Each structure stands twice: as C-alpha cells, then as structure tokens.
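Let's walk through this one together, one question at a time. Keep the sequence and the 3D view open while you read.

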Amino acid sequence: MAHFAELDKNNKVIRVIVVNNLELLIDGVESEQKGIDFCVAHYGGVWVQTSIHANIRGKYASFGDFYDVIKDEFIGQEKIINAD
C-alpha cells in the first residue's frame, strides 16, 4: 500500500490516506505521479507521497506536520513548535 498526504495552502498536512499499489502502476512500475493523479481525481487538493517506513521525505507525514518544498521532506509538529 502507498500513503499520500494532502496539504493545505500553507503545506500543512490535513490528512493522510492509503492508496492501493495497483493504482500507481505504469507498465508494472510504481509512479508517484500516478498516485497523486489518483488522489486529485478522487479527492481534489494537493498531494505528496509519504512512506510509513520513512524511506522518503524524512518521516511519515502526520496530521499537522509541515511539508518543506525546498528540502522535499516532512517536518514534524514538534520541530515546528521548537523553531519558534
């Protein structure tokens, strides 16, 4: 299963959903963009893939986390609070 985080206009995570891996396949190869397209078609919004094993983007995205576009990673709420 693949996991995708929906972002608000400030790149804050507002939900994370699970998408069947079959929805990501192009000629037998998983495509993040195909997963994003699936999410947008069904739910609208802006989506970024996240990994439950934190293999990509620093950590598994959780509600309230922030997505740093420049670093291409999720930043946990605790780091955001401590940065202030």
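Q: Which residue is the bridge partner of H3 in β2?
A: This is a predicted model, where local features need pLDDT of at least 70 and side-chain atom pairs count only at pLDDT 80 or more, while totals for chains, interfaces and linings use all residues. Residues are numbered from 1 along each chain as its sequence is written, and side-chain values use heavy atoms, with hydrogens and water left out. β1 and β2 are antiparallel partners over 6 bridges (strands pair if DSSP finds at least two bridges between them; a strand is a DSSP run of E, at least two residues, and a helix one of H or I, at least four, numbered from the N terminus). Opposite L7 you'll find V13 of β2, and the bridge partner of H3 in β2 is V18.

Q: What is the order of the strands in the open sheet?
A: β1 also pairs with β5, antiparallel again, through 5 bridges; one example is E6, with W47 as its bridge partner in β5. The 3 strands make an open sheet in the order β2-β1-β5.

Q: Why is one side of β2 and of β5 left without a neighbour in the sheet?
A: Strands of a sheet pair through backbone hydrogen bonds, either parallel or antiparallel. In this sheet the order is β2-β1-β5. β2 and β5 each have a single partner strand, so they stand at the edges.

Q: How many of the residues of β1 are buried?
A: In a regular strand the side chains alternate between the two faces of the sheet. In β1, A2, F4 and E6 are buried on one side, and H3, A5 and L7 on the other (buried means under 20% relative accessible area, exposed over 50%, partly exposed in between, with a 1.4 Å probe and protein chains only). That makes β1 mostly covered, with the buried count at 6 of its 6 residues.

Q: Which strands does the cover over the buried residues of α1 include?
A: In α1, the buried residues are G35, I36, F38 and C39. They lie on the same side of α1, because they cover an arc of only 155 degrees around the axis (taken from the directions from the helix axis to the C-beta atoms). What covers them, by contact (heavy atoms within 4.5 Å), includes β1, β2 and β5.

Q: Which element has the lowest mean pLDDT?
A: pLDDT is the predictor's confidence in each residue, from 0 to 100, and the chain averages 92. Strand β5 has the highest mean among the elements, 98. The lowest, 62, belongs to helix α2.
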